[in-house]
Amino acid sequence: MIKMNLFLTRRADITREQFSEYWEQKHWPLLEAIPEVKQFAKRYVQQHNIGQVPLGVTAAPYDGVSEVWFDSIEDLRKVVGTEAWRNIVQKDNLEFLDPSKTVFMFSEEKINWQS
């Protein structure tokens, strides 16, 4: 299982609440409408920063984390290599993200424990 993690930072001119609302209510429906996303992505999760951390813990500098699961790296490429990804997703990212502070990590999931 291949996982694409996006560590998201909002644009400086919008609040955390505006970021979360846009990401969930506007950006996700655009992604969901792309046929290759529905065909090849196995799971999509948004993690919205709640802005609170326990004492003594350093908070991550991100407003959210997105996780997308794929069966293979080839399936991932079939999504991010499309015209729709470039023309819809990447353009819409500019509506709520700071691309210079948003980073990606591609990983292979290893399950060590599951209940």
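Trainee: How many salt bridges does a search of the whole structure find?
Mentor: The search finds 9. A salt bridge here is a side-chain nitrogen of Lys or Arg within 4 Å of a carboxyl oxygen of Asp or Glu. This is a predicted model, where local features need pLDDT of at least 70, side-chain atom pairs need pLDDT 80 or more, and totals for chains, interfaces and linings use all residues. Residues are numbered from 1 along each chain as its sequence is written, and side-chain values use heavy atoms, leaving out hydrogens and water.

Trainee: Which residue forms a salt bridge with D71?
Mentor: K42 does, with the closest N and O atoms 3.6 Å apart. The pair links distant parts of the chain, 29 residues apart. D71 is in the loop between β3 and α3, and K42 is in strand β2, residues 41-48. Strands (E, at least two residues) and helices (H or I, at least four) are DSSP runs, numbered from the N terminus.

Trainee: And where do E83 and R86 lie?
Mentor: Both are in helix α4, 3 residues apart, about one turn of the helix.

Trainee: New topic. Which residues touch the most other members of the largest nonpolar core?
Mentor: M4, L8, F19, F70, V79, W85 and F96, out of 21 residues. Such a core is a set of buried (under 20% relative accessible area, 1.4 Å probe, protein chains only; exposed is over 50%, partly exposed in between) Ala, Val, Leu, Ile, Met, Phe, Trp, Tyr and Cys residues joined through side-chain atoms within 4.5 Å.
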